[in-house]
Amino acid sequence: MEYYAIKGGRRLTGEVRVHGAKNSVLPILAACVCCKGVCEIRNCPRIADVDTAAAILERLGCRVSRQDDILTVDAAGLNGCALPPELSAAMRSSILFLGALLTRCGEASLAPPGGCALGARPIDLHLYAAGRLGGNWEQRDQCIRCRWERPCGAEIRLRCPSVGATENALLCAVGAPGETVIWNAAREPEIADLVGFLRAMGAEIKGEGSGELHVCGGRPLHGAVYTVMPDRMEAASYLCAAAGCGGDLFLKGAERRTLDEVVELLARCGCQISEERGGLRLQAPERLRAAGRVATAPYPGFPTDAQAPAMAALLRAAGTTAFTENVFENRLRHADQFRRLGAKIDVDGSCAEVHGVPTLHGAALEATDLRCGAALTAAALQAEGESRLYGVSHIRRGYEDFEGSLRNVGAEIELRSAT
Ligand code: EPZ
(Lines give C-alpha, C1' and ligand atoms only; values in the text may rest on other atoms or scores of the structure.)
Protein backbone atom coordinates (compact mmCIF):
# COMPACT_ATOMS: atom_id res chain seq x y z
CA MET A 1 0.00 0.00 0.00
CA GLU A 2 1.32 3.41 -0.95
CA TYR A 3 1.55 6.34 1.44
CA TYR A 4 3.11 9.77 1.63
CA ALA A 5 5.79 10.34 4.25
CA ILE A 6 5.58 14.06 5.02
CA LYS A 7 7.88 16.07 7.26
CA GLY A 8 6.24 19.36 8.18
CA GLY A 9 7.59 22.77 9.02
CA ARG A 10 8.97 23.97 5.67
CA ARG A 11 7.58 27.00 3.80
CA LEU A 12 6.50 26.40 0.21
CA THR A 13 8.40 28.76 -2.09
CA GLY A 14 8.81 28.77 -5.86
CA GLU A 15 6.61 27.92 -8.84
CA VAL A 16 3.92 25.29 -9.38
CA ARG A 17 2.32 24.61 -12.75
CA VAL A 18 -1.47 24.34 -12.86
CA HIS A 19 -2.65 21.57 -15.23
CA GLY A 20 -5.86 21.18 -17.25
CA ALA A 21 -9.07 21.01 -15.21
CA LYS A 22 -10.23 17.54 -14.20
CA ASN A 23 -13.86 18.62 -13.99
CA SER A 24 -13.71 20.07 -17.52
CA VAL A 25 -11.78 17.36 -19.27
CA LEU A 26 -14.02 14.52 -18.05
CA PRO A 27 -17.27 15.87 -19.61
CA ILE A 28 -15.26 16.89 -22.68
CA LEU A 29 -13.93 13.34 -23.11
CA ALA A 30 -17.46 11.95 -22.81
CA ALA A 31 -18.60 14.53 -25.41
CA CYS A 32 -16.06 13.15 -27.90
CA VAL A 33 -18.39 10.22 -28.65
CA CYS A 34 -21.13 12.63 -29.84
CA CYS A 35 -19.47 12.79 -33.28
CA LYS A 36 -17.84 10.37 -35.69
CA GLY A 37 -14.75 12.56 -36.08
CA VAL A 38 -11.38 12.98 -34.41
CA CYS A 39 -11.08 15.28 -31.38
CA GLU A 40 -7.80 16.63 -30.12
CA ILE A 41 -7.96 17.61 -26.46
CA ARG A 42 -5.09 19.85 -25.39
CA ASN A 43 -3.88 20.61 -21.86
CA CYS A 44 -5.22 17.20 -20.82
CA PRO A 45 -3.95 16.34 -17.31
CA ARG A 46 -2.27 13.01 -16.50
CA ILE A 47 -4.58 11.85 -13.75
CA ALA A 48 -6.25 8.55 -12.95
CA ASP A 49 -9.78 9.78 -13.80
CA VAL A 50 -8.61 10.66 -17.33
CA ASP A 51 -7.17 7.12 -17.61
CA THR A 52 -10.59 5.77 -16.61
CA ALA A 53 -12.34 7.97 -19.21
CA ALA A 54 -9.84 6.81 -21.86
CA ALA A 55 -10.48 3.17 -20.89
CA ILE A 56 -14.24 3.71 -21.27
CA LEU A 57 -13.74 5.29 -24.70
CA GLU A 58 -11.56 2.37 -25.82
CA ARG A 59 -14.08 -0.20 -24.56
CA LEU A 60 -16.74 1.60 -26.64
CA GLY A 61 -14.56 1.14 -29.74
CA CYS A 62 -12.86 4.57 -29.92
CA ARG A 63 -9.16 4.96 -30.58
CA VAL A 64 -7.35 6.98 -27.94
CA SER A 65 -3.74 8.13 -28.04
CA ARG A 66 -1.66 10.58 -26.04
CA GLN A 67 1.29 12.74 -26.95
CA ASP A 68 2.53 14.95 -24.11
CA ASP A 69 -0.53 16.82 -22.89
CA ILE A 70 -2.64 16.17 -26.00
CA LEU A 71 -5.18 13.36 -25.94
CA THR A 72 -6.62 12.38 -29.31
CA VAL A 73 -9.93 10.54 -29.50
CA ASP A 74 -11.09 9.02 -32.77
CA ALA A 75 -14.72 8.03 -32.24
CA ALA A 76 -15.34 6.79 -35.81
CA GLY A 77 -15.16 3.13 -34.78
CA LEU A 78 -17.65 3.35 -31.87
CA ASN A 79 -19.25 -0.09 -31.74
CA GLY A 80 -21.13 -0.25 -28.46
CA CYS A 81 -23.31 1.79 -26.16
CA ALA A 82 -22.82 -0.19 -22.92
CA LEU A 83 -20.21 0.83 -20.34
CA PRO A 84 -18.43 -1.97 -18.46
CA PRO A 85 -19.84 -1.87 -14.88
CA GLU A 86 -16.42 -1.70 -13.24
CA LEU A 87 -15.54 1.42 -15.25
CA SER A 88 -18.93 3.05 -14.55
CA ALA A 89 -18.30 2.48 -10.87
CA ALA A 90 -14.77 3.88 -10.98
CA MET A 91 -15.81 7.55 -11.19
CA ARG A 92 -18.79 9.88 -11.02
CA SER A 93 -18.29 11.28 -14.52
CA SER A 94 -19.05 7.93 -16.16
CA ILE A 95 -22.71 9.01 -15.94
CA LEU A 96 -21.99 11.68 -18.59
CA PHE A 97 -21.69 8.93 -21.22
CA LEU A 98 -25.47 8.61 -20.83
CA GLY A 99 -26.15 11.89 -22.65
CA ALA A 100 -23.23 11.54 -25.06
CA LEU A 101 -24.25 8.01 -26.14
CA LEU A 102 -27.93 8.98 -26.53
CA THR A 103 -26.83 11.73 -28.90
CA ARG A 104 -24.57 9.39 -30.88
CA CYS A 105 -26.51 6.08 -30.90
CA GLY A 106 -29.93 6.73 -29.37
CA GLU A 107 -29.27 4.33 -26.50
CA ALA A 108 -27.00 3.85 -23.53
CA SER A 109 -26.54 1.36 -20.76
CA LEU A 110 -24.37 1.82 -17.68
CA ALA A 111 -24.05 0.98 -14.00
CA PRO A 112 -24.60 3.65 -11.32
CA PRO A 113 -21.54 5.91 -11.17
CA GLY A 114 -18.90 5.86 -8.43
CA GLY A 115 -16.76 8.81 -7.33
CA CYS A 116 -15.85 10.49 -4.06
CA ALA A 117 -17.93 9.43 -1.02
CA LEU A 118 -19.54 12.73 -0.03
CA GLY A 119 -22.92 11.38 1.12
CA ALA A 120 -25.84 10.51 -1.16
CA ARG A 121 -25.13 11.50 -4.75
CA PRO A 122 -28.36 10.72 -6.61
CA ILE A 123 -28.66 10.82 -10.41
CA ASP A 124 -32.38 11.62 -10.58
CA LEU A 125 -31.74 14.96 -12.33
CA HIS A 126 -29.59 13.29 -14.99
CA LEU A 127 -32.37 10.80 -15.74
CA TYR A 128 -35.02 13.52 -15.61
CA ALA A 129 -33.09 15.56 -18.21
CA ALA A 130 -32.71 12.54 -20.52
CA GLY A 131 -36.40 11.74 -20.03
CA ARG A 132 -37.53 15.29 -20.89
CA LEU A 133 -35.75 14.98 -24.25
CA GLY A 134 -37.44 11.72 -25.16
CA GLY A 135 -35.37 9.10 -23.34
CA ASN A 136 -37.16 6.08 -21.85
CA TRP A 137 -35.10 4.69 -19.03
CA GLU A 138 -35.27 1.83 -16.58
CA GLN A 139 -32.99 0.89 -13.72
CA ARG A 140 -32.75 -2.80 -12.87
CA ASP A 141 -30.08 -5.02 -11.26
CA GLN A 142 -27.53 -2.22 -10.98
CA CYS A 143 -27.95 -1.33 -14.63
CA ILE A 144 -29.47 1.85 -16.10
CA ARG A 145 -30.73 1.45 -19.66
CA CYS A 146 -31.96 4.37 -21.67
CA ARG A 147 -33.33 4.48 -25.20
CA TRP A 148 -34.45 7.39 -27.35
CA GLU A 149 -37.66 6.76 -29.25
CA ARG A 150 -38.39 10.24 -30.60
CA PRO A 151 -35.76 12.71 -29.35
CA CYS A 152 -37.04 16.25 -29.27
CA GLY A 153 -35.92 19.51 -27.61
CA ALA A 154 -37.83 20.53 -24.46
CA GLU A 155 -37.67 22.62 -21.31
CA ILE A 156 -35.58 21.14 -18.51
CA ARG A 157 -36.06 22.67 -15.07
CA LEU A 158 -33.43 21.53 -12.62
CA ARG A 159 -34.46 21.37 -8.94
CA CYS A 160 -30.95 22.49 -8.01
CA PRO A 161 -28.09 23.70 -10.23
CA SER A 162 -26.34 20.32 -10.45
CA VAL A 163 -23.07 20.49 -12.39
CA GLY A 164 -23.26 16.93 -13.71
CA ALA A 165 -26.97 17.08 -14.58
CA THR A 166 -26.43 20.34 -16.49
CA GLU A 167 -23.61 18.65 -18.42
CA ASN A 168 -25.70 15.58 -19.18
CA ALA A 169 -28.63 17.78 -20.25
CA LEU A 170 -26.30 19.63 -22.65
CA LEU A 171 -24.91 16.36 -24.04
CA CYS A 172 -28.44 15.09 -24.74
CA ALA A 173 -29.74 18.45 -25.99
CA VAL A 174 -27.16 18.79 -28.77
CA GLY A 175 -28.53 15.54 -30.23
CA ALA A 176 -32.26 16.20 -29.74
CA PRO A 177 -33.69 18.13 -32.69
CA GLY A 178 -35.37 21.42 -31.78
CA GLU A 179 -34.84 23.93 -29.00
CA THR A 180 -33.97 22.95 -25.44
CA VAL A 181 -33.90 25.40 -22.56
CA ILE A 182 -32.16 24.35 -19.35
CA TRP A 183 -33.44 26.39 -16.41
CA ASN A 184 -31.51 26.70 -13.13
CA ALA A 185 -28.40 25.42 -14.95
CA ALA A 186 -25.09 25.26 -13.09
CA ARG A 187 -22.89 28.30 -13.75
CA GLU A 188 -19.51 26.74 -12.99
CA PRO A 189 -16.68 27.70 -15.39
CA GLU A 190 -16.37 23.99 -16.32
CA ILE A 191 -19.86 24.18 -17.85
CA ALA A 192 -18.68 27.04 -20.06
CA ASP A 193 -15.66 24.92 -21.02
CA LEU A 194 -17.91 22.04 -22.10
CA VAL A 195 -20.08 24.50 -24.06
CA GLY A 196 -16.92 25.84 -25.72
CA PHE A 197 -15.97 22.33 -26.82
CA LEU A 198 -19.47 21.43 -28.05
CA ARG A 199 -19.55 24.68 -29.98
CA ALA A 200 -16.19 23.81 -31.56
CA MET A 201 -17.85 20.53 -32.63
CA GLY A 202 -20.61 22.49 -34.38
CA ALA A 203 -23.30 22.73 -31.67
CA GLU A 204 -25.40 25.86 -31.20
CA ILE A 205 -25.61 26.83 -27.52
CA LYS A 206 -26.15 30.16 -25.77
CA GLY A 207 -26.12 31.39 -22.19
CA GLU A 208 -23.13 29.69 -20.53
CA GLY A 209 -22.20 31.34 -17.24
CA SER A 210 -25.88 32.13 -16.61
CA GLY A 211 -28.56 29.90 -15.15
CA GLU A 212 -30.41 29.64 -18.48
CA LEU A 213 -28.93 27.65 -21.35
CA HIS A 214 -30.46 27.56 -24.84
CA VAL A 215 -29.52 24.72 -27.18
CA CYS A 216 -30.54 24.37 -30.79
CA GLY A 217 -30.23 20.59 -31.08
CA GLY A 218 -29.81 18.21 -33.98
CA ARG A 219 -27.04 20.03 -35.82
CA PRO A 220 -24.36 17.78 -37.33
CA LEU A 221 -21.35 17.49 -35.01
CA HIS A 222 -17.77 17.02 -36.16
CA GLY A 223 -14.30 16.55 -34.65
CA ALA A 224 -12.59 19.52 -33.00
CA VAL A 225 -9.36 20.76 -31.46
CA TYR A 226 -9.86 22.21 -27.99
CA THR A 227 -7.72 23.42 -25.06
CA VAL A 228 -9.02 22.60 -21.59
CA MET A 229 -9.15 25.45 -19.03
CA PRO A 230 -6.72 25.46 -16.07
CA ASP A 231 -7.84 23.55 -12.99
CA ARG A 232 -9.17 26.10 -10.49
CA MET A 233 -9.40 23.48 -7.74
CA GLU A 234 -5.83 22.31 -8.24
CA ALA A 235 -4.84 26.00 -8.03
CA ALA A 236 -6.98 26.50 -4.91
CA SER A 237 -5.36 23.47 -3.27
CA TYR A 238 -1.83 24.81 -3.79
CA LEU A 239 -2.87 28.33 -2.71
CA CYS A 240 -4.30 26.95 0.53
CA ALA A 241 -1.27 24.71 1.14
CA ALA A 242 1.08 27.67 0.75
CA ALA A 243 -1.16 29.93 2.85
CA GLY A 244 -1.11 27.45 5.72
CA CYS A 245 2.66 27.27 5.96
CA GLY A 246 3.67 30.89 5.37
CA GLY A 247 4.65 30.29 1.75
CA ASP A 248 5.48 32.42 -1.27
CA LEU A 249 4.20 30.62 -4.35
CA PHE A 250 3.70 31.45 -8.02
CA LEU A 251 0.96 29.40 -9.66
CA LYS A 252 1.73 29.27 -13.35
CA GLY A 253 -1.44 29.15 -15.42
CA ALA A 254 -3.88 29.91 -12.57
CA GLU A 255 -6.74 32.20 -13.55
CA ARG A 256 -7.87 34.79 -10.99
CA ARG A 257 -11.37 35.17 -12.53
CA THR A 258 -12.34 31.60 -11.60
CA LEU A 259 -10.95 31.82 -8.07
CA ASP A 260 -12.65 34.93 -6.65
CA GLU A 261 -14.08 33.41 -3.49
CA VAL A 262 -10.91 31.49 -2.57
CA VAL A 263 -8.68 34.50 -3.23
CA GLU A 264 -10.96 36.76 -1.17
CA LEU A 265 -10.94 34.31 1.73
CA LEU A 266 -7.16 34.01 1.77
CA ALA A 267 -6.77 37.80 1.47
CA ARG A 268 -9.11 38.20 4.47
CA CYS A 269 -6.77 35.95 6.43
CA GLY A 270 -3.75 38.12 5.69
CA CYS A 271 -2.32 36.71 2.42
CA GLN A 272 -1.29 38.93 -0.45
CA ILE A 273 -2.43 37.61 -3.79
CA SER A 274 -1.56 39.32 -7.03
CA GLU A 275 -2.04 38.59 -10.69
CA GLU A 276 1.29 38.38 -12.42
CA ARG A 277 2.09 37.57 -16.02
CA GLY A 278 0.86 34.07 -16.71
CA GLY A 279 -0.42 33.25 -13.24
CA LEU A 280 -1.06 34.18 -9.62
CA ARG A 281 1.35 34.84 -6.75
CA LEU A 282 0.50 34.23 -3.10
CA GLN A 283 2.56 35.53 -0.20
CA ALA A 284 1.43 34.37 3.20
CA PRO A 285 2.26 35.75 6.65
CA GLU A 286 3.77 33.43 9.25
CA ARG A 287 0.39 33.03 10.95
CA LEU A 288 -2.99 33.61 9.30
CA ARG A 289 -5.97 35.38 10.86
CA ALA A 290 -9.16 33.33 11.17
CA ALA A 291 -11.71 33.93 8.41
CA GLY A 292 -14.98 34.35 10.33
CA ARG A 293 -17.56 32.41 8.32
CA VAL A 294 -17.12 30.29 5.20
CA ALA A 295 -20.22 28.74 3.60
CA THR A 296 -20.05 26.64 0.44
CA ALA A 297 -22.51 27.25 -2.41
CA PRO A 298 -22.82 26.57 -6.12
CA TYR A 299 -20.76 28.89 -8.35
CA PRO A 300 -20.17 31.81 -7.97
CA GLY A 301 -20.29 30.95 -4.25
CA PHE A 302 -17.42 29.46 -2.24
CA PRO A 303 -16.64 26.09 -3.90
CA THR A 304 -17.32 22.93 -1.93
CA ASP A 305 -14.15 21.44 -3.48
CA ALA A 306 -12.05 24.12 -1.76
CA GLN A 307 -13.67 23.68 1.65
CA ALA A 308 -11.27 21.01 2.98
CA PRO A 309 -8.13 22.72 1.58
CA ALA A 310 -9.25 26.06 3.10
CA MET A 311 -9.89 24.37 6.44
CA ALA A 312 -6.37 22.93 6.34
CA ALA A 313 -4.96 26.42 5.82
CA LEU A 314 -6.82 27.75 8.87
CA LEU A 315 -6.02 25.05 11.45
CA ARG A 316 -3.27 27.22 12.98
CA ALA A 317 -4.85 30.63 12.32
CA ALA A 318 -5.39 33.09 15.16
CA GLY A 319 -9.07 32.85 16.11
CA THR A 320 -12.08 30.78 15.07
CA THR A 321 -13.43 30.04 11.58
CA ALA A 322 -16.91 28.57 11.10
CA PHE A 323 -17.36 26.41 7.99
CA THR A 324 -20.78 25.39 6.67
CA GLU A 325 -20.99 22.75 3.93
CA ASN A 326 -24.15 23.39 1.91
CA VAL A 327 -23.59 21.37 -1.27
CA PHE A 328 -22.93 17.78 -0.12
CA GLU A 329 -24.48 16.08 2.90
CA ASN A 330 -21.29 14.44 4.20
CA ARG A 331 -18.23 16.46 3.30
CA LEU A 332 -16.60 17.15 6.66
CA ARG A 333 -14.92 13.79 7.17
CA HIS A 334 -11.50 15.43 7.05
CA ALA A 335 -12.23 17.10 10.42
CA ASP A 336 -11.58 13.81 12.27
CA GLN A 337 -8.28 13.42 10.45
CA PHE A 338 -7.21 17.01 11.19
CA ARG A 339 -7.85 16.32 14.89
CA ARG A 340 -5.24 13.55 14.76
CA LEU A 341 -2.71 16.29 14.02
CA GLY A 342 -3.81 18.23 17.10
CA ALA A 343 -6.33 20.54 15.42
CA LYS A 344 -9.29 21.77 17.49
CA ILE A 345 -12.53 21.39 15.56
CA ASP A 346 -16.15 21.08 16.70
CA VAL A 347 -18.46 19.47 14.18
CA ASP A 348 -22.23 19.79 14.37
CA GLY A 349 -24.14 18.45 11.35
CA SER A 350 -22.92 20.36 8.32
CA CYS A 351 -20.99 22.95 10.39
CA ALA A 352 -17.41 22.79 11.61
CA GLU A 353 -15.88 25.37 13.93
CA VAL A 354 -12.11 25.50 13.69
CA HIS A 355 -10.36 27.02 16.68
CA GLY A 356 -6.82 27.83 15.55
CA VAL A 357 -4.04 26.19 17.58
CA PRO A 358 -0.41 27.41 17.63
CA THR A 359 1.11 24.09 16.53
CA LEU A 360 0.20 20.77 14.91
CA HIS A 361 2.09 17.48 15.30
CA GLY A 362 2.72 14.58 12.91
CA ALA A 363 0.26 11.64 12.81
CA ALA A 364 -0.97 8.72 10.68
CA LEU A 365 -3.73 9.97 8.35
CA GLU A 366 -6.18 8.45 5.87
CA ALA A 367 -7.53 10.33 2.86
CA THR A 368 -11.21 9.52 2.35
CA ASP A 369 -11.68 11.47 -0.89
CA LEU A 370 -9.74 13.53 -3.42
CA ARG A 371 -9.88 17.00 -1.82
CA CYS A 372 -9.58 15.49 1.64
CA GLY A 373 -6.28 13.96 0.46
CA ALA A 374 -4.94 17.30 -0.79
CA ALA A 375 -6.08 19.03 2.40
CA LEU A 376 -4.49 16.44 4.69
CA THR A 377 -1.23 16.83 2.81
CA ALA A 378 -1.43 20.61 3.31
CA ALA A 379 -2.08 20.13 7.02
CA ALA A 380 0.76 17.62 7.45
CA LEU A 381 3.11 20.13 5.79
CA GLN A 382 2.42 22.49 8.72
CA ALA A 383 2.84 19.85 11.43
CA GLU A 384 5.96 19.32 13.51
CA GLY A 385 7.50 15.89 12.91
CA GLU A 386 6.55 13.20 10.42
CA SER A 387 3.11 12.21 9.16
CA ARG A 388 2.04 9.25 7.08
CA LEU A 389 -0.84 9.80 4.68
CA TYR A 390 -2.63 6.71 3.34
CA GLY A 391 -5.22 6.72 0.56
CA VAL A 392 -2.89 8.30 -2.01
CA SER A 393 -4.97 6.75 -4.83
CA HIS A 394 -7.68 9.34 -4.12
CA ILE A 395 -5.17 12.12 -4.80
CA ARG A 396 -3.99 10.47 -8.03
CA ARG A 397 -7.54 10.66 -9.39
CA GLY A 398 -7.33 14.43 -9.70
CA TYR A 399 -3.83 15.85 -9.21
CA GLU A 400 -0.99 15.38 -11.70
CA ASP A 401 2.36 14.71 -9.99
CA PHE A 402 1.12 16.10 -6.66
CA GLU A 403 4.11 15.08 -4.57
CA GLY A 404 6.61 16.11 -7.27
CA SER A 405 5.04 19.57 -7.57
CA LEU A 406 5.18 20.05 -3.79
CA ARG A 407 8.75 18.76 -3.56
CA ASN A 408 9.81 21.29 -6.21
CA VAL A 409 8.67 24.12 -3.94
CA GLY A 410 10.42 22.85 -0.83
CA ALA A 411 8.06 20.30 0.72
CA GLU A 412 9.55 17.20 2.34
CA ILE A 413 7.19 14.62 0.90
CA GLU A 414 8.00 11.16 -0.39
CA LEU A 415 5.89 8.42 -1.87
CA ARG A 416 6.61 5.12 -0.11
CA SER A 417 5.23 1.59 -0.23
CA ALA A 418 4.20 -0.16 2.96
CA THR A 419 5.04 -3.85 2.91
C1 EPZ B 1 -19.33 18.02 -9.66
O2 EPZ B 1 -19.93 16.88 -9.09
C3 EPZ B 1 -17.84 17.83 -9.48
N4 EPZ B 1 -17.43 16.62 -10.14
C5 EPZ B 1 -17.51 17.77 -8.01
O6 EPZ B 1 -16.11 17.70 -7.90
C7 EPZ B 1 -18.01 19.05 -7.32
O8 EPZ B 1 -17.81 18.93 -5.93
C9 EPZ B 1 -19.50 19.24 -7.60
O10 EPZ B 1 -19.74 19.23 -9.03
C11 EPZ B 1 -20.05 20.54 -7.05
O12 EPZ B 1 -19.33 21.62 -7.55
C13 EPZ B 1 -17.18 16.64 -11.44
O14 EPZ B 1 -17.34 17.64 -12.12
C15 EPZ B 1 -16.67 15.39 -12.04
P16 EPZ B 1 -23.61 18.17 -8.47
P17 EPZ B 1 -21.46 16.54 -9.37
O18 EPZ B 1 -24.44 17.32 -9.36
O19 EPZ B 1 -21.79 16.93 -10.75
C20 EPZ B 1 -27.36 16.99 -5.78
C21 EPZ B 1 -14.07 17.07 -6.89
O22 EPZ B 1 -13.53 16.99 -5.77
N23 EPZ B 1 -27.86 16.22 -6.93
O24 EPZ B 1 -23.48 19.62 -8.77
O25 EPZ B 1 -21.70 15.16 -8.93
C26 EPZ B 1 -26.15 16.30 -5.14
O27 EPZ B 1 -26.53 15.28 -4.27
C28 EPZ B 1 -15.51 16.80 -7.02
O29 EPZ B 1 -13.46 17.35 -7.94
C30 EPZ B 1 -29.12 15.66 -6.90
O31 EPZ B 1 -29.85 15.79 -5.90
O32 EPZ B 1 -22.15 17.55 -8.35
C33 EPZ B 1 -25.45 17.44 -4.46
O34 EPZ B 1 -26.00 17.65 -3.20
C35 EPZ B 1 -16.16 15.90 -6.11
N36 EPZ B 1 -29.55 14.91 -7.97
C37 EPZ B 1 -25.78 18.64 -5.35
O38 EPZ B 1 -26.85 18.22 -6.21
C39 EPZ B 1 -28.79 14.75 -9.08
O40 EPZ B 1 -29.25 14.06 -10.02
C41 EPZ B 1 -24.63 19.09 -6.24
O42 EPZ B 1 -24.12 17.99 -7.00
C43 EPZ B 1 -27.52 15.32 -9.12
C44 EPZ B 1 -27.07 16.06 -8.03
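**Entry 1: the ligand**

I started with Arg92: an N or O atom in its side chain is 3.0 Å from an oxygen atom of the ligand. I call such a pair a polar contact, meaning N or O atoms within 3.5 Å; within protein, one must be able to donate a hydrogen and the other to accept it, and residues adjacent in sequence count only if both atoms are side-chain atoms. The model is predicted, so I noted its limits: local features need pLDDT of at least 70, side-chain atom pairs count only at pLDDT 80 or more, and totals for chains, interfaces and linings use all residues. Residues are numbered from 1 along each chain as its sequence is written, and side-chain values use heavy atoms, with hydrogens and water left out.

Next I looked up Asn23. One of its polar side-chain atoms lies 3.2 Å from an oxygen atom of the ligand. Val163 uses its backbone instead: an N or O atom there lies 2.7 Å from a ligand oxygen.

How much of the ligand does the protein cover? On its own the ligand has 840 Å² of accessible area, and the protein covers 89% of that. Accessible areas come from the Shrake-Rupley method with a 1.4 Å probe; for residues, only the protein chains shown count as cover.

Then I checked which elements give two or more residues to the shell around the ligand. They are helix H1 (22-31), helix H5 (124-132), helix H6 (163-173) and helix H12 (370-380). H5 gives the largest share, 3 residues. Helices (H or I, at least four residues) and strands (E, at least two) are DSSP runs, numbered from the N terminus.

I counted the surroundings too. The ligand has 24 residues around it, and the closest are Arg159, Ser162, Asp305, Val327 and Arg371. To be near, a residue needs a heavy atom within 4 Å of the molecule or strand.

**Entry 2: Arg331**

I found Arg331 in the loop between strand S18 (320-324) and helix H11 (334-340). Is Arg331 buried or exposed? Its relative accessible area is 7%, so Arg331 is buried. Buried means under 20% relative accessible area, exposed over 50%, and partly exposed in between (1.4 Å probe, protein chains only).

The side chains of Arg331 and Asp305 are joined by a polar contact of 2.7 Å. I then listed the contacts of Arg331, leaving aside neighbours within four places in sequence. They are Leu118, Thr304, Asp305, Gln307, Glu325, Asp369 and Arg371. Contact means heavy atoms within 4.5 Å.

**Entry 3: helix H12**

Asp369 caps the N-terminal end of H12. A side-chain oxygen of Asp369 lies 3.1 Å from the backbone nitrogen of Arg371. H12 is mostly covered, with 11 of its 11 residues buried.

**Entry 4: helix H7 and the cores**

I tested the length of H7 (residues 189-200). Its 12 residues should span 16 Å at 1.5 Å a residue, and its end C-alpha atoms are 17 Å apart, which agrees. The expected span is 1.5 Å times one less than the number of residues.

In H7, 9 of the 12 residues are buried. Among them are Ile191, Leu194, Val195, Phe197 and Leu198. Gly202 follows H7, and its phi is positive, near 115°.

Which residues touch the most other members of the largest nonpolar core? Leu170, Phe197 and Leu198 do, in a core of 78 residues. Apart from it lies another core, of 74 residues, including Ala241, Leu251, Met311 and Ala363. A nonpolar core is a set of buried Ala, Val, Leu, Ile, Met, Phe, Trp, Tyr and Cys residues joined through side-chain atoms within 4.5 Å. In soluble globular proteins, nonpolar side chains tend to be buried together.

Leaving aside its neighbours within four places in sequence, Phe197 is in contact with residues including Ile28, Cys39 and Tyr226.

Most residues other than glycine have a negative phi, and most peptide bonds are trans. I looked for exceptions. The peptide bond from Tyr299 to Pro300 is cis, with omega near 10°. Pro300 lies in the loop between strand S17 (292-295) and helix H10 (307-313).

Asn43 has a positive phi, near 60°. Its loop runs between strand S3 (38-42) and helix H2 (48-59). At 15% relative accessibility, Asn43 counts as buried.

Asn184 also has a positive phi, near 60°. I placed Asn184 in the loop between strand S10 (178-183) and H7. Asn184 is partly exposed, because its relative accessible area is 34%.
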